[in-house]
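Student: I would like to learn how to read sheets, cores, contacts and cavities. Can we take them one at a time?

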Amino acid sequence: MSGSGLRALRAGLAVALVVPVAVAGPTVSAGPATVGGAAVALAGAAPAGFTQQVVFAGLTRPTKLAFAPDGRVFVAEKSGLIKVFRGLADPVATVFADLRTQVYDYKDLGLIGLTLAPTFPDDPWVYVSYSYDGVIGGSAPTYRDTCPAAGSCVSSARISRLRADGDAMTGTEHVLVHDWCTQIESHSVGDLAFGRDGALYATGGDGASGTFVDYGQTGNPVNPCGDPPGPVGAALAPPSAEGGALRSQDLRTPDDPTGLSGTFIRINPVTGAALPDNPLAHSADPNARRILAYGLRNPYRWTFHPDSGEVWFGDVGWRDHEEIDRLAHPGGPPPNYGWPCYEGNVKQGGYRVARLGLCDSLYSAPPDAVTPPYYSYSHSQQVATGDGCPAGGSSPSGLAFYPATGGGYPAGYRGALFFADYARRCVWLMRAGSDGLPDPTSVQPFSSAAGGVVDLQIGPERDLYLVDLTGGTVRRFHFDAADQPPRAVVRATPEEGNAPLEVLFDGSASTDADPGDILRHEWDFTGDGSFDATGVTASHTYRSTGTYSARLRVTDLAGRSDTATIQIRVGTSAPRPVITSPLGTAKWSVGQQITFSGRATEAGGAPVPADRLEWQLINRHCPTVDNCHTHTVQHWTGVAAGAFVAPDHEYPSYLELTLTATGSGGLSASTTTRLDPRWTRLNMVSNPSGLEVNVDGVSYTTPAAVKVVVGATTTMSAPGPQSAGVAEFVFDNWSNGGAQTQVVIAPPAATTYTATFATAPGCRDSAGYTCTSVVGAAYQPADQAVLPLTGDDARTPVDLPFPVLFYGRRYERAWVSTNGFLSFQDPGLPGAINAGLPDAGLPNAAVHPFWDDLVVRADSSVRSAVRGSAPNREFVVEWRDVYLYGSSTAKISFQLSLAESGRITFNYAGLTGTSLRELGSGATVGIEDGTGGVALAYSVNHAVLVDGRAVVFNPPPDR
């Protein structure tokens with residue numbers, strides 16, 4: 001959905017959902033819902049026979065759903081509120097617990113997990129997992145749901161249990177585990193649930209950046225979590241760094257205390273301690289004893305297989321791949337799922353090139369050291385053909401197995417795995433294979449209208465439920481192929497006016513797809529949950545000022561129902577909110593403090609007081625133009641003004657600031673301002689050109705221009721060794737100084753960063769010749785003689801001033817070609833078309849400083865000179881200002897030097913880089929013996945040549 005479309009929908013929902021909304025029971029809302037009297041279709045909501053039904057509405061950023069055995073339904077909200085409904089037919093929630101003081105509700109952090117004791121309410125405990133607004137062992141609130149310095153607000157996470165007394169929490173929170181140091185506001189604690197063994201299981205993320213390659217090198221102070229090998233304030237760097245995303249590999253470093261980031265744990269639900277039959281129960285480290293699996297990035301949602309007890313994780317990926325991971329043996333040796341060294345089935349590019357010891361050692365370990373994903377999909381691909389879900393951004397956000405027996409879904413759904421993606425707003429189905437496991441080849445679309453789905457659950461009647469964070473609803477998918485549900489449509493005349501207001505209601509447009517079905521119409525005029533009248537039409541007189549949600553329920557002969565709601569405004573209308581600052585034209589940089597203010601007026605001009613104003617700031621991240629997903633940043637209630645710090649996020653992204661005002665009659669309206677970032681270009685260059693650099697986990701071939709938000713924390717790496725053709729290069733230096741992998745803060749203006757490489761040692765052929773490069777070699781012209789070479793495709797013989805030993809033979813004569821090579825045997829042919837080495841075709845016994853199709857024009861020449869004295873003489877041939885064939889302007893200079901010692905040197909000048917051909921993209925650079933069977937190629941058709949960098953070939957020592 002486009003940004004403007006999303007804003008329009010959000011504005012409509014704000015009007016409809018901030019007032020009390022009465023929703024009927026399990027068979028409610030089978031067709032399109034109505035918002036403010038207008039039908040809202042759920043396109044692509046489910047396959048034929050399924051209906052997507054709104055069960056609970058009017059929630060504020062719900063995150064998790066839990067069904068109690070006694071019929072009650074608990075819903076967690078991101079802010080820290082836990083609400084309870086008496087049942088699926090209960091439209092009004094009661095606040096069970098308010099943890100908002102403890103919960104750090106900022107960006108992706110908040111109240112994430114919720115589950116109930118297996119024998120609840122006899123065992124009256126409610127369990128939660130949430131981000132804590134403070135450090136491990138500290139007090140809350142520390143930041144009060146904000147962060148004054150982006151990337152430097154260290155927080156933590158908890159697993160706790162709360163005692164229930166009826167529909168309310170009683171007593172104090174009992175903290176079971178307090179861990180998961182989090183520096184970046186993401187990937188904190190995940191989900192939790194009880195196993196069949198009565199143990200409590202939970203996951204946690206790596207607490208690291210989702211924007212740059214994070215090994216604990218940033219923050220103020222740096223390394224704020226005190227990750228090894230240094231304490232808080234110690235500068236971490238490759239290869240020894242173990243912070244940031246590498247916390248997920250902490251179990252592999254037993255010499256220091258183990259954290260729980262990126263792990264799956266099993267604990268005693270009363271004490272929080274590891275259970276004595278855990279696989280690492282013998283460890284002296286209390287956290288290591290808890291761990292059943294590690295190497296996860298952000299296992300936000302996971303589930304048990306209902307039959308086998310296996311654990312299945314939805315692990316949120318980073319740059320390229322999303323994973324569904326399988327833990328087949330929860331009680332066995334803890335498997336390592338590889339993050340951050342691996343993503344999907346491949347090495348993660350950004351962490352690979354950073355040359356981190358924990359990753360390098362994992363790469364050299366046996367293949368079974370890392371457990372690959374059971375199923376993975378890339379950001380660029382469709383998950384299932386024709387699923388209608390946008391590619392680009394991706395984020396697994398829910399898993400649920402459909403029971404193998406029972407339930408009302410068709411037989412093909414038995415034992416299948418449902419999985420959801422928050423960024424793509426979709427749900428898919430992976431059917432069970434012949435072995436009972438989900439079959440990755442059977443993935444098919446289930447719903448392309450899942451909203452901001454953050455949880456999937458199988459309900460007590462074995463229907464699939466989802467929690468929609470952004471829409472504020474809990475919905476379910478119900479199947480009935482025999483009897484289709486009706487569709488409720490309501491009209492009201494008038495919809496607003498002064499009291500007393502008589503309104504005529506008409507439900508005659510309601511329909512049922514089953515021929516001959518008769519509908520029963522029931523009317524709830526005030527939205528209080530009770531029905532006041534029956535009949536296709538009805539009337540009601542409203543005598544008090546206010547906003548009312550009038551509801552029509554239609555029921556067919558089989559008992560299937562649908563509802564439609566319309567708002568009646570009596571003596572009032574929606575207020576008019578205005579954001580006075582910042583203006584939509586304002587641009588922001590990471591870390592910039594932005595102040596905001598606004599106001600609202602009633603229809604009569606009276607101001608809406610500040611305590612009826614609410615603000616929400618979201619970050620819209622757009623991996624592709626047509627696929628943006630939402631990161632909630634902050635929200636404020638009861639204020640007319642405030643301030644926030646612009647978040648650190650990758651480009652392209654933008655902020656949306658929404659002001660919602662609620663008038664005296666209860667009606668709300670919203671207005672939104674879009675705030676775009678300042679962005680800049682990082683021009684990534686390598687010397688020689690055409691090599692790889694990595695920026696924030698993405699690999700680029702130089703030269704490349706990378707767009708980033710001004711002020712963004714950015715990592716850049718110059719990986720090495722790396723190959724270009726057959727030449728191998730190692731990192732030498734960055735133009736701005738600093739380490740091979742380093743952090744830069746994106747500057748306001750476009751900036752060029754050049755990574756300089758040198759030839760890697762070890763360039764060798766079977767005859768013992770080796771090659772290397774020398775940076776800063778002086779280019780000395782050869783001015784003693786001008787060879788009789790002009791035009792195109794010419795050659796001439798030269799007598800050598802001393803015998804030259806080359807591949808075991810001594811030569812006293814050679815032939816020089818206008819096409820950039822010298823041969824100790826008459827090549828016979830002009831050799832205009834270069835070839836790879838070795839090549840049995842002519843020329844052989846040749847040295848090739850720049851073998852390409854070249855032209856010697858009037859202002860060009862080929863020259864020679866003899867330097868030094870015996871036994872250290874050198875014979876030099878220089879091609880000066882020769883032209884590349886086909887170009888009237890591109891010309892270069894280069895030379896070769898043959899030493900009495902047998903050393904051969906190539907050097908270059910005038911390589912401007914205006915054409916990649918000047919740098920060698922069409923040239924062969926190397927040497928070859930007289931048979932064409934042995935050769936040493938520095939490069940073939942790669943733009944790797946640089947002014948002042950000599951390529952040196954040394955003969956074997958025993959020559």
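Student: Which residue in E23 does Gly398 stand opposite?

Tutor: Strands are DSSP runs of E, at least two residues long, numbered from the N terminus, and two strands pair if DSSP finds at least two bridges between them. Here Gly398 stands opposite Ala420 in E23. E22 and strand E23 (residues 417-421) are paired in the antiparallel sense over five bridges. This is a predicted model, in which local features need pLDDT of at least 70, side-chain atom pairs count only at pLDDT 80 or more, and totals for chains, interfaces and linings use all residues. Residues are numbered from 1 along each chain as its sequence is written, and side-chain values use heavy atoms, with hydrogens and water left out.

Student: In what order do the strands of that sheet run?

Tutor: The order is E22-E23-E24-E25, four strands in an open sheet with antiparallel pairing. Strand E22 (396-401) and strand E25 (444-447) are at the edges with a single partner strand each, so one side of each has no neighbour in the sheet. From one strand to the next the twist averages 30 degrees; axes are lines fitted to C-alpha atoms, and angles run from 0 to 180 degrees between N-to-C directions.

Student: Which strands form the three-stranded open sheet?

Tutor: That sheet has the order E30-E32-E36, and its pairing is antiparallel. The twist averages 25 degrees from one strand to the next. E30 is joined to strand E32 (residues 501-506) by three bridges, and Ala492 has Phe505 as its bridge partner in E32.

Student: Which residues have the most contacts inside the largest nonpolar core?

Tutor: A nonpolar core is a set of buried Ala, Val, Leu, Ile, Met, Phe, Trp, Tyr and Cys residues joined through side-chain atoms within 4.5 Å; buried means under 20% relative accessible area, exposed over 50%, and partly exposed in between, with a 1.4 Å probe and protein chains only. The largest such core has 67 residues, and Phe824, Phe906 and Ile927 have the most contacts inside it. A second, separate core of 41 residues includes Ala66, Val84, Leu99 and Val177.

Student: Is Thr632 buried or exposed?

Tutor: Thr632, in strand E43 (residues 627-637), is buried, with a relative accessible area of 8%. Contact means heavy atoms within 4.5 Å. Leaving aside neighbours within four places in sequence, Thr632 is in contact with residues including Arg61, Tyr106, Asp108 and Leu617.

Student: Where does Asp852 lie?

Tutor: Asp852 is in the loop between strand E63 (846-851) and strand E64 (854-856). Asp852 is also buried, at a relative accessible area of 6%. Beyond its neighbours within four places in sequence, Asp852 has contacts that include Asn819, Leu884 and Arg917.

Student: How many cavities of 30 Å³ or more does a search of the whole structure find?

Tutor: Rolling a probe the size of a water molecule over the atoms shows where empty space is left. On a 1 Å grid over the protein atoms alone, a cavity is a set of points where a 1.4 Å probe fits but cannot get out, and lining residues have an atom within 4 Å of a point. Grid points are joined across faces, edges and corners, and a volume is the space filled by probe spheres set on the points. The search finds two cavities of 30 Å³ or more, and the largest cavity holds about 60 Å³ of space. Among the residues lining the largest cavity are Arg297, Asp315, His321, Glu323 and Trp339. Strand E18 (321-327) and strand E19 (342-343) each supply at least two residues of that lining.

Conventions: 1 Å grid on protein atoms, 1.4 Å probe; cavity = no way out; pocket = protein on both sides within 12 Å on 5 of 7 lines; lining within 4 Å.
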